[in-house]
Amino acid sequence: MSSDALAGLLGVLLLLALLVAGVPIGVSLGLVGFGGLTLLLGLEPALIKSGVLLFDTLSRYELGVLPLFLLMAHLCFAANASRDFFRAAAGLVGHRRGGLALASVGACAGFGAISGSSLATAATIGLVALPEMRERGYSDSFATGVVAAGGTLGQAVPPSGALIVFGIISEQSIGKLFTAAIVPALTQMLLYGITIVLLCHFRPAIAPASPRVSRAERWRGLVRILDVAVLVLIVIGGISVGWFTPSEAASVGAVGGLMLCAWRRRLTWPALGHALAETLRTSGMIYAVIIGALIFSVFISLTGLAEAVSSLIGSVSDNRVVAMLMIAVVLLVLGSLLDGLALMLLTTPILLPIVQQLGLSPIWFGIFLIRAMEIGFVHPPIGMNLYVIHGIAKDVPISRIFRGVLPFLGADFVHLLLLILIPGLALELPKLLAP
Amino acid sequence: MSRGPLFYIGSAALLTAMAIDAAAVICRHLGLSILGSIEIVQAAMLLASSAALVAASLARKHATVHLAIDRVGPRTRLWLERISAFLSAVFFAALAAGSIWIAFDLRHGHEASEVLRIPYAPLRIVSIAAVLGLAGIALWQMRRIEPE
């Protein structure tokens, strides 16, 4: 290993130490990157490079996609769209054994299409679905596990905040990433559905059947989500078929969110002010992380660490599947120590060049990385979704929530393996829609 | 977030970017074009993102890994939080220094956008003010961290 690569490795270790010590993710990445650049190039180039990256990031047109999608999400919250997804899905399948669990997964996917965040999805759907499932006699462990796992769909279903950040730091097309995420999100839902059906088949007591709601009630539920569904279809469909770029789609989505609020008579000054304030705060947090990550990325690319790690992996096996399995293990181990965003920002500059050397698509890697991150959301000791659900159902011990999520964690591992074995799951749809 | 100037500047910039970009899409599909719409969106986004960074810092909303900090004693936590605030101040000060350096180098360059000739100098000043603000907030927060 060269001395530069060694400096890169030391930088990664220092970064891990700073992250674990509670230094903000953006600051940790930026400081290590800045320090590394100073060591490798000198103070003046390090200062100038950091200054250039700051201005470029803040004024970058493509980055507008992030706050504008966040604004769309907050306006949809204000329009009270979250509850409607669960009501509509519960009306359709809630009467079957495990039906409310299936409805929760469907609602998480639907809500994920407007929120783009796992935590927000788990929290929002959890607030609606958990009391209903528990009231209908669902086992605590099963009900909480379903919502904790289902929440990860918030990040899988486009437009996803994590995919936007990945697209920016890896310089990949956000539109292609969104399109590539559609089939993996659907297969993830399918695997969760199969898990629910199997669990209910072998342990019927955990999710009893409920009375069927009337046909009129079911229609009302579907009609209630029609406006949000149209908005989501326009945004995602518009990107996929090339009507507009992701940045434009975010603007169209935010305007659509405003119209949705007005249509539902929920567009008030306090609601708009709250949506804007939340958007600014969350965007600021993500901007800080992106600035830090870009500086760190420049440092890592200068060290040649990725090449060193690549030759290390190559010396173990030159088989692409084996190499990706090794990378998956590294991601899962790191994912049990770091939260999703930190994991992505730390590993992308190192792993992306390796993946490209293996002949794999960066778009595919983005989807793979997001899936690995999602597993970290339901995996102790971090498992943020578990704690979010624990916050909603305080009387259910965290150990029971974890037991409930275990079968879904199994489904996640199967899904990750499927993504490695069949890259077409992510890559065929973008090819089909934009050949 | 208190509804002060920061909120109004950031919100107005965000809504402007949204409106201009959405209008540009509609016009394009109608066969018309809004000249320089991207440049307006870029300038608006710089204002919005600068306000957003400061708003996140004021609200202590920066993303942090909680693995260790939630499991240590109050005294250790206090020190870790102080060190973290100090390192944040150092990082943002370095960003400010780099930005000032570039702005100083380009002071006679009359940088402007291509179509609408929007001058970059005021935008650079906004970004510098934002990161200087972030460094100041971090130092202020370091002094304000007290034992629980």
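**Reading salt bridges, burial and helices in a predicted model**

B:Glu111 and B:Arg124 are joined by a salt bridge whose closest N and O atoms lie 2.8 Å apart.

User: Which parts of chain B does the pair B:Glu111 and B:Arg124 tie together?

Analyst: A salt bridge is a side-chain nitrogen of Lys or Arg within 4 Å of a carboxyl oxygen of Asp or Glu. Helices (H or I, at least four residues) and strands (E, at least two) are DSSP runs, numbered from the N terminus. B:Glu111 lies in the loop between H3 and H4 of chain B and B:Arg124 in helix H4 of chain B, so the pair ties together parts that are 13 residues apart in sequence.

User: On what basis should these values be read?

Analyst: This is a predicted model, in which local features need pLDDT of at least 70 and side-chain atom pairs count only at pLDDT 80 or more, while totals for chains, interfaces and linings use all residues. Residues are numbered from 1 along each chain as its sequence is written, chains are lettered from A and ligands numbered from 1 in the order in which they are written, and side-chain values use heavy atoms, with hydrogens and water left out.

User: Is B:Arg124 buried or exposed?

Analyst: Buried means under 20% relative accessible area, exposed over 50%, and partly exposed in between (1.4 Å probe, protein chains only). B:Arg124 counts as buried, at 11% relative accessibility, whereas B:Glu111, at 25%, counts as partly exposed.

User: How many residues does helix H4 of chain B have, and what does the helix pack against?

Analyst: The expected span of a helix is 1.5 Å times one less than its number of residues. For the 24 residues of H4 (residues 121–144) of chain B this gives 34 Å, and the end C-alpha atoms are 34 Å apart, which agrees. Its buried residues include B:Leu123, B:Ser127, B:Val131 and B:Leu134. An α-helix has 3.6 residues a turn, so residues three or four places apart point the same way. The buried residues of H4(B) pack against helix H3 (43–58) of chain A together with helices H2 (37–58) and H3 (74–105) of chain B.

User: Which residues does A:His74 contact beyond its neighbours in sequence?

Analyst: Contact means heavy atoms within 4.5 Å. A:His74 belongs to helix H4 (residues 65–78) of chain A and is buried, at 14% relative accessibility. Leaving aside neighbours within four places in sequence, A:His74 touches A:Ala275, A:Glu278, A:Thr279 and A:Thr282.

User: How is the overall form of chain A described?

Analyst: Chain A has 21 helices and zero strands. Its radius of gyration (taken over C-alpha atoms) is compared with the globule rule, 2.2 Å times the number of residues to the power 0.38. The value for chain A is 22 Å, close to the 22 Å that the rule gives for 435 residues, so the chain is as compact as a globular protein of that length. Buried residues make up 61% of the 435 residues.
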